[in-house]
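Thanks for coming, everyone. I would like to walk you slowly through one structure today, so please have the sequence and the picture in view while I talk.

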There are 2 protein chains.
Amino acid sequence: MSKIAVLGYGVVGSGVVELFYKNKESILKKIGKDADIKYILDIRDFSDSPYKDKFTKDINDIVNDDEVTMVAECMGGATFAYDFVKACLMSGKNVSTSNKELVAKKGAELLAIAKDKNCNFFFEASVGGAIPIIRPLHKCLAANEITQIAGILNGTTNFILGKMINDNMDFDTALKMAQQLGYAEKDPTADVEGHDACRKICILSSLITGKHIYPESVYTKGITDITLKDVKLAGKFGAAIKLIASVRKLADGKIIPMVSPTLVTYDNLISRVDDVFNAVMVCGDGIDRALFYGRGAGKLPTASAVLGDVIEQLKTEGRGTDTAQTWVDCDNSEIVADYKNAECRMYFRVSGASDIRPENIEIIEDADELVFVTQKISFAEADKLEASITSNGGKVEAKLPVLDI
Amino acid sequence: MSKIAVLGYGVVGSGVVELFYKNKESILKKIGKDADIKYILDIRDFSDSPYKDKFTKDINDIVNDDEVTMVAECMGGATFAYDFVKACLMSGKNVSTSNKELVAKKGAELLAIAKDKNCNFFFEASVGGAIPIIRPLHKCLAANEITQIAGILNGTTNFILGKMINDNMDFDTALKMAQQLGYAEKDPTADVEGHDACRKICILSSLITGKHIYPESVYTKGITDITLKDVKLAGKFGAAIKLIASVRKLADGKIIPMVSPTLVTYDNLISRVDDVFNAVMVCGDGIDRALFYGRGAGKLPTASAVLGDVIEQLKTEGRGTDTAQTWVDCDNSEIVADYKNAECRMYFRVSGASDIRPENIEIIEDADELVFVTQKISFAEADKLEASITSNGGKVEAKLPVLDI
């Protein structure tokens, strides 16, 4: 009998317990042997819960119980969760986590402990919620040289942008609505400033390079500056503004990870991803491109991903084999190139008196303001163009990359 | 040193060899040990090939070589491929195949042999080409009760329908173009009549039920009847006509697998899938819905999927664990329900004198012909409606389901 412990009985943790018991019969059939949840760790009181006998407030109950071979961490944050996951791995228990902050900040260390202790550290749920992306990327697509990944990795901002695009709602009103619906936190900083998406692109970047890419190495810009005006002008150009987290591999092997509001043209499926859904496009030399789409957050969707890891572990009783494509710590300056070298088309909205008209631009509007999209240029060249417009008496009101994938 | 044999040096087989050597360094790193292709089986002469020393015309060279632990079958068909795969599995070798006909017709038997011989029979490449779908479905989504799958599983027909939708081309001209571009065979029957998509939905249906679902159990209708007129009227309704392969689970546990041209409304990403791309939507009680999109065929995309299996096997040296969610033979009449019970909205185009106007229909056009979409009805009820229209002096020129997912 395999025993499972669930750390945290919040949205995701309670979802793990609910989905496990809902589908227990078929889950056990897939595992091929008996299994049950033995502990649920939470500091709060759940004496009314049907699972009240499983609750503990003491992580040592779990760490010291040899029957427990699999731990599902659903607490969030990188303080207690870090301590507890570390303790579980140190005692040779396999861990699955939905905690992107933990993986993005401490992945290399935890993966090293798992390797050392010959156990597995899984994190399918940490990127894209329900969407299978970690396992497909490091198993199904293992024959590819991955050249680029780009996608919508934060549902909250996609909901807000969707309201702006489809319902003509301004940013503040859309944010308020997202908060009322429970899609955004009271303090929405982590979502709207792009930090959440940043953590997820760190994880994907680490997976494709084998080196831990830290959040501080990622150029990150949120959506708080996005105006309804730009949303409409993007539409006129034939694109939707989405918060895109991306990483591209350069010819010298370095990467540029980035989070930025980005124009996505309508011929790209990512532009059609609405509501709180996420989508990730992966480009490789074998596959050309593949897209993965689904619910990026929520109780049962995230629980589905955590339990997928749990089932895999209990079924195969794999010992460190599944994380063989792991990553190691590294000096990020050796692998992450300056984002200013990244090249793409750029959207400009310019007010004021400047008469600068770069060659080969596509003009979207030329009335009170000049709105155009450049040919492919680097972020550095875009900055230069902005400087010359400014010194020419103009003001760049908006400057956004266009997704070239 | 792990030794690999590739059966068949056609489009896919040569792609497997090409991609393996192109990315050999990173592939070996992922496997974690040395590996090489030792044999390529093909009856043709490749004495000019850089791999000429690896060619053999005799399957026994492979079967009798204990060094070979992994076989990639890329021959196609269910005659020689069946004999050879069976022989390899019987001798305890792990096999990966891209051959949907083989898996759809002989899967249960081959999986049983693999189980008996404690080896793995992989077939990620058999559905959706480059798209990771088999492994995500039976690993990442293992905690879900899968309720429905629907998607575009044949690139050739999607190309043809795309030309009709976007370029106003009639079926015959579009088919000719597909043949000229190498997307369609000289004899396009397997594609345009839906047989290819049928094999793939058989494989997915077998995966989610654990029972072998045979092609003969699947209601299969191709796209040869689709007219430009219907394509345009579907557009007016806000939908694209796509060849949809689907399976739905009923409350009693039975399933209805089906292949049919289907109206897909624009709010569904599947409607936006153009060219030869494939896309599969999977619905489950945990995830709600997830979509997988990519190249459904082609040399390197299919090779990528085959090699993903090869890498997985050589890395983990798994022994039958990976196919634990396998399927067994069964009397299909016990598990497949009559497709006439399937319910969805139905598109009708009616000519002639009938004055039948069912209640609650959405009328798309009411001129020379009456074109409408019904509320949700069963295929049986749609047949009844057609009969009453016919007996009323009308003629049903087209009758197509609308995707409700």
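This is a predicted model: local features need pLDDT of at least 70, side-chain atom pairs count only at pLDDT 80 or more; totals for chains, interfaces and linings use all residues.

Let me begin with one pair of charged side chains: Asp42(B) and Arg44(B) meet in a salt bridge, with N and O 2.9 Å apart. By salt bridge I mean that a side-chain nitrogen of Lys or Arg lies within 4 Å of a carboxyl oxygen of Asp or Glu. Asp42(B) is buried at 8% relative accessibility, whereas Arg44(B), with a relative accessible area of 44%, is partly exposed.

Residues are numbered from 1 along each chain as its sequence is written, chains are lettered from A and ligands numbered from 1 in the order in which they are written, and side-chain values use heavy atoms, with hydrogens and water left out.

Now, back to charges. Side chains of opposite charge can pair when their charged atoms come close. How many salt bridges does a search of the whole structure find over all chains? The search gives 66. One of them joins Asp65(A) to Lys38(A), whose closest N and O atoms are 2.7 Å apart. This pair links distant parts of the chain, since Asp65(A) is in the loop between helix H3 (59-63) and strand S4 (68-73) of chain A, and Lys38(A) is in strand S2 (residues 35-41) of chain A, 27 residues apart. Helices (H or I, at least four residues) and strands (E, at least two) are DSSP runs, numbered from the N terminus. Asp65(A) is buried, with a relative accessible area of 12%, and Lys38(A) counts as partly exposed at 27%. Another salt bridge is formed by Glu397(A) and Lys395(A), at 3.8 Å from N to O, and there Glu397(A) is partly exposed at 33% relative accessibility. There is also a network of salt bridges, and its members include Glu124(A), Arg135(A), Glu124(B) and Arg135(B).

Let us turn to the rings. Rings of Phe, Tyr and Trp (its six-membered ring) pair if their centres lie within 6.5 Å, and the planes count as stacked under 30 degrees apart, as edge-to-face over 60, and as tilted for the rest. By this rule there are 29 aromatic pairs over all chains. One of these is Phe80(B) with Phe84(B), a tilted pair at 6.2 Å centre to centre and 45° between the planes. The two residues are 4 apart in helix H4 (residues 80-90) of chain B, so about one helical turn separates Phe80(B) from Phe84(B). Is each of them buried or exposed? Phe80(B) counts as exposed at 55% relative accessibility, but Phe84(B) counts as buried at 17%. The rings of Phe121(B) and Phe123(B) are also tilted, because their planes are at 50°, with the centres 5.9 Å apart. Here Phe121(B) is buried at 0% relative accessibility, and Phe123(B) is buried at 7%. In chain A, ring pairs link Tyr9(A), Phe46(A) and Phe55(A) into a cluster.

Next, one helix. Helix H10 (residues 195-209) of chain A has 15 residues and reaches 21 Å from its first C-alpha to its last, close to the 21 Å expected at 1.5 Å a residue, where the expected span is 1.5 Å times one less than the number of residues. H10(A) is mostly covered, with 14 of its 15 residues buried, and Gly210(A), which follows, has a positive phi near 80°.

Finally, how are the two chains arranged? Chain B is superposed on chain A by a rotation of 180° with 0.0 Å of shift along its axis, at an RMSD of 0.0 Å, and the two copies are thus related as by a two-fold rotation axis. The superposition is by least squares on the C-alpha atoms of residues with pLDDT of at least 70 in both copies. Which residue of chain B comes closest to the rotation axis? That is Phe292(B), at 2.5 Å by its C-alpha.

How values were computed:
Buried means under 20% relative accessible area, exposed over 50%, partly exposed in between (1.4 Å probe, protein chains only).
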